[in-house]
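Biologist: Could you take a close look at a single part of this protein for me, and show how that part sits in the whole? I would enjoy one connected answer.

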Amino acid sequence: MNEIKKINWKKIVLFYGVIMVATYFSRKVPNILNIIIKQFTDLKFSWNFNHAIAILIVSFLFYKYSKVKQEFSVFGNNTFKSILFPVILLLGYTIYGIENDYGFNEHLWALIFCLVTLVYDMMEEYTWRGYLVESLGKINLIIKSVISGFFWAFWHLLIFKDFEQYGGFGVFIIFCVVFSLILTFSVSKTKAFIVPATIHALLIKTNIVTLVCFVIFLVILLTWDRKISKEL
């Protein structure tokens, strides 16, 4: 309770309010990514990075001008193990392949799709498991996960048209809170944004690659503090 009282809740509410406003207006302007892609190809992709870029900028500014000390980084406290996460994801899906309607080779498309997804998820995790989690100070990990999960879930009201694929918004909230527990644990353990971003990217598909990657990621996380020499 003492740690909860130390939190600057006004700043967190302000942060979330700015995030929501920035997200809303960023969705009203032309798709920046598609404008760039059009310079190289006539293909039209459904990717929209506008809101991700917006929350990235907001989070960066809050990190810079608030008193929240940034302890997390891209590769955290173990660069080698952190890099294993995206490498395993990219390698697994590139070998497996992903079917598409654009005429791309399924293996090449899997690599492109995973890279784009990973970049997008990095921007999200910098916000939700980055600034938001760090601004919650030293309170219990579960409480951090619940708060992050709720904020993350309601933010998606500005992104998704409906939540039927999840069984409704109520189920989606539960999903976000539970998944946020995994993501928050991963970033707290590794201090690396790339780790929760890669785990987040597993949501692109539900297949054997997703399952194998998740198991491997879990093993790495649970043995994170062990030295390589001891593991070998």
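Modeller: Happy to! Helices (H or I, at least four residues) and strands (E, at least two) are DSSP runs, numbered from the N terminus. In those terms, the protein reads α-α-α-α-α-α-α-α-α-α-α along its sequence, with 11 helices and zero strands. Its radius of gyration is 18 Å, close to the 17 Å from the globule rule for 232 residues, so the protein is as compact as a globular protein of that length. That radius is taken over C-alpha atoms, and the rule is 2.2 Å times the number of residues to the power 0.38.

A word on the source: this is a predicted model, where local features need pLDDT of at least 70 and side-chain atom pairs count only at pLDDT 80 or more, while totals for chains, interfaces and linings use all residues. Residues are numbered from 1 along each chain as its sequence is written, and side-chain values use heavy atoms, with hydrogens and water left out.

Now to the part itself: Leu84 lies in helix H5, which covers residues 79-96. Leu84 counts as partly exposed because its relative accessibility is 27%; buried means under 20% relative accessible area, exposed over 50%, and partly exposed in between (1.4 Å probe, protein chains only). Across the protein, buried residues make up 45% of the 232 residues.

Leu84 and Ile216 are 132 residues apart along the chain, and their C-alpha atoms are separated by 9.9 Å. For the whole protein, residues 24 or more positions apart account for 73% of the contacts (heavy atoms within 4.5 Å) with a separation of 6 or more.
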